[in-house]
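Hi everyone, thanks for coming. Have a look at the structure with me, and I'll walk you through a few places in it.

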Amino acid sequence: MRTVYVNGEYLPENEAKVSIFDRGFLMADGVYEVTSVLDGKLIDFAGHAKRLERSLNELDMPHPEVLPDLLEVHRELVRLNGIDEGMIYLQITRGAPDDRDFVFPDPETTKPTVVLFTQNKPGLANSPAAKKGIKVISIADQRWARRDIKTVQLLFPSMGKMMAKAAGVDDAWMVEDGAVTEGTSNNAYIIKGNTIITRHLGNEILHGITRAAVLRFAKEAQMQVEERSFTIAEAQDADEAFITSASTFVMPVVEVDGVAVGTGVPGPIAARLREIYLDESRKVAV
Ligand code: PDD
């Protein structure tokens, strides 16, 4: 049984409790982060901590007292649960007032709820999917307009994964005004020649922590990077495609809406980027 963290306490998972009035439960009024663990260490913790603070600020959510100590809490959970490879899920909500109300509760009396738990995933870095590649379909992006904030409103992304599953593929790329925004839980990329193309930052996509690192490594390796939107037709005509996220790192995409990308097998550039990302991230993991 896992040991989880709830509001200052480390507890067995079946003893951890959150109120039914919690705004995360009633209103999806919460933000989250997923940080991967390799060799028992946190990958890109500083990036996740920074984005978490930004998400809180964008929603006028009070900072929980534990905010400066979150690295210690993450490390303690890794230790208590003996995680070598996996993820840490963290969620902060606006807390639990004593009734349901659209108006934000008084931050003096209602403190944020902070929950963290581990997900043990042995073999995460050596995933067979990375050798095979994944297939995606395109779907309309029907999420709200502030996707740059990492909120727990994951109903549409969840429906997107189900549409992918029903179509017999692995994931869905969301499309808005004719251009790909991102995957249901990852950023989307295509490669044409030596150029990596991924949508520019804005409110339309989550500013991926893995994205930032991968683009930095790509530039260091003398690859060209173009941050601009692209279409599904362009993806189908690309040499390679891939996704990035804290839980998949760099994952090749080999099919888009039934059309093979490039030769239909994972390409050399995505494979190299995955290798560089894993090597470099491991070196600076905390
Ligand atoms: N998802 N875009 C969306 C919509 C995401 O949900 C995620 C992350 C990303 C990639 O961000 P990062 O590289 O910082 O993980 C992009 C996490 C892993 C999840 O919901 O499980």
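Let's start with serine 55, which sits in helix α2, residues 45–58. Helices here are DSSP runs of H or I with at least four residues, strands are runs of E with at least two, and both are numbered from the N terminus. A word on where this comes from: it is a predicted model, in which local features need pLDDT of at least 70 and side-chain atom pairs count only at pLDDT 80 or more, while totals for chains, interfaces and linings use all residues. Residues are numbered from 1 along each chain as its sequence is written, and side-chain values use heavy atoms, with hydrogens and water left out.

Is serine 55 buried or exposed? Serine 55 is buried, at a relative accessible area of 1%. Buried means under 20% relative accessible area, exposed means over 50%, and partly exposed is in between, using a 1.4 Å probe and protein chains only. Setting aside neighbours within four places in sequence, serine 55 is in contact (heavy atoms within 4.5 Å) with Val31, Ile149 and Lys150.

Now please find helix α5, residues 155–166. Which residues of α5 are buried? They are Phe156, Pro157, Gly160 and Ala164. Looking down the axis of α5, these buried residues fall within an arc of 100 degrees, so they line one face of the helix; the arc is taken from the directions from the helix axis to the C-beta atoms. As a general point, an α-helix has 3.6 residues a turn, so residues three or four places apart point the same way. Turned away from the buried side of α5 are the exposed residues Leu155, Met162, Lys165 and Ala166.

What does the buried side of α5 pack against? Its buried residues pack against β7 (134–140) and β8 (171–176). Those two strands, β7 and β8, pair in the parallel sense over 5 bridges, where pairing requires at least two DSSP bridges between strands. The chain runs from β7 through α5 to β8, and this β-α-β crossover is right-handed: with the strands pointing away from the viewer, the path from the first strand over the helix to the second runs clockwise. Isoleucine 137 has alanine 172 in β8 as its bridge partner.

On we go to strand β9, residues 179–183, which pairs with β8 in the antiparallel sense over 3 bridges. There, tryptophan 173 stands opposite glycine 183 of β9. The hairpin of β8 and β9 has 2 residues between the strands, and aspartate 177 takes a positive phi near 50 degrees.

Definitions and conventions:
Expected span 1.5 Å × (residues − 1).
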